[in-house]
Amino acid sequence: MPERSPESHVIDFRAAEQLLAARDPRGAVKLLDTVIAAHPENTAARLLRARAFFASAQLRAAELEFSIVLEREPDNAFAHFALARTYERALRPDQARRHFRLAAALDPQPEYLAAARFDPPDDTGDTGGTSGRA
């Protein structure tokens with residue numbers, strides 16, 4: 001097999017995006033494996049591969065990839081949200097709740113806020129989020 005160029009990795013990345021959009025997450029993972037092997041520091045490729053793992057119900061692999069992204073970019077709200085969805089799907093609600101809340105705190109867009117399920121303020125102005133639970 002001939003050596004791959006940086007340009008071919010960009011082409012593979014773009015093709016993987018298209019495959020994921022076309023609902024072929026396993027095909028996307030195959031392309032991204034070569035990109036990440038050549039460029040393990042590429043966070044965008046890891047995030048796309050994590051999404052592909054999630055879409056193909058490979059939850060452990062998705063969790064690992066989202067965690068790697070968050071090690072590098074702890075303020076990535078989307079990665080927190082997607083990791084929370086992964087935990088939710090794996091029936092791990094406590095971990096999911098933590099990452100939903102982190103996503104909402106980092107980027108208060110409606111979808112993240114709804115998923116975080118913050119308690120509404122009560123009459124005293126207390127947010128209710130500290131109801132004695134850890």
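Is leucine 91 buried or exposed, and what is its relative accessibility? In this predicted model, leucine 91 counts as exposed because its relative accessibility is 74%, a value over 50%. Leucine 91 is placed in the loop that runs between helix H5 (77–89) and helix H6 (93–106), and its phi is positive, at about 60 degrees, although the residue is not a glycine. Most residues other than glycine have a negative phi. Arginine 23 also has a positive phi, near 65 degrees, and is likewise a residue other than glycine; it is found in the loop between helix H1 (6–21) and helix H2 (25–38), where arginine 23 is exposed, with a relative accessible area of 76%.

The packing of two helices is described by the angle between their axes and the distance between the axes. For helix H4 (residues 59–72) and H5, the angle is about 155 degrees and the axes lie 9 Å apart; because angles over 145 degrees count as roughly antiparallel, H4 is roughly antiparallel to H5. The crossing of H4 past H5 is left-handed. On the H4 side the contact is formed by Leu59, Ala62, Glu63, Phe66, Ser67, Val69 and Leu70, and on the H5 side by Ala79, His80, Ala82, Leu83, Thr86, Tyr87 and Arg89; of these residues, 9 are nonpolar, 3 polar and 2 charged. Alanine 82, which belongs to helix H5, is buried, with a relative accessible area of 9%, and its C-alpha lies 8.5 Å from that of phenylalanine 100, a residue 18 positions away in sequence.

Side chains of opposite charge can pair when their charged atoms come close, and the count for this model comes to 9 salt bridges. One of them joins glutamate 17 to arginine 14, with the closest N and O atoms 3.0 Å apart; both residues lie in helix H1, 3 residues apart, or about one turn of the helix. Glutamate 17 is partly exposed at 30% relative accessibility, as is arginine 14 at 47%.

Two further salt bridges involve glutamate 65. Arginine 46 pairs with glutamate 65 at a closest N and O separation of 3.0 Å; arginine 46 lies in helix H3 (residues 43–55) and glutamate 65 in helix H4, so the pair ties together parts 19 residues apart in sequence, and both residues are buried. Glutamate 65 also forms a salt bridge with arginine 49, the closest N and O atoms being 2.5 Å apart, which links helix H4 to helix H3 across 16 residues; arginine 49 is buried, as is glutamate 65. Through shared partners, salt bridges join Asp33, Arg46, Arg49 and Glu65 into one network.

Conventions. Residues are numbered from 1 along each chain as its sequence is written. This is a predicted model: local features need pLDDT of at least 70, side-chain atom pairs count only at pLDDT 80 or more; totals for chains, interfaces and linings use all residues. Side-chain values use heavy atoms; hydrogens and water are left out. Helices (H or I, at least four residues) and strands (E, at least two) are DSSP runs, numbered from the N terminus. Buried means under 20% relative accessible area, exposed over 50%, partly exposed in between (1.4 Å probe, protein chains only). Axes are lines fitted to C-alpha atoms, for helices over the stretch in contact, and angles run from 0 to 180 degrees between N-to-C directions. Angles under 35 degrees count as roughly parallel, over 145 as roughly antiparallel, 65 to 115 as roughly perpendicular and the rest as oblique. A crossing is left-handed if the near helix is turned anticlockwise from the far one by less than a right angle, and right-handed if clockwise. Contact means heavy atoms within 4.5 Å. Ala, Val, Leu, Ile, Met, Phe, Trp, Tyr, Cys and Pro count as nonpolar, Asp, Glu, Lys and Arg as charged, and the others, Gly among them, as polar. A salt bridge is a side-chain nitrogen of Lys or Arg within 4 Å of a carboxyl oxygen of Asp or Glu.
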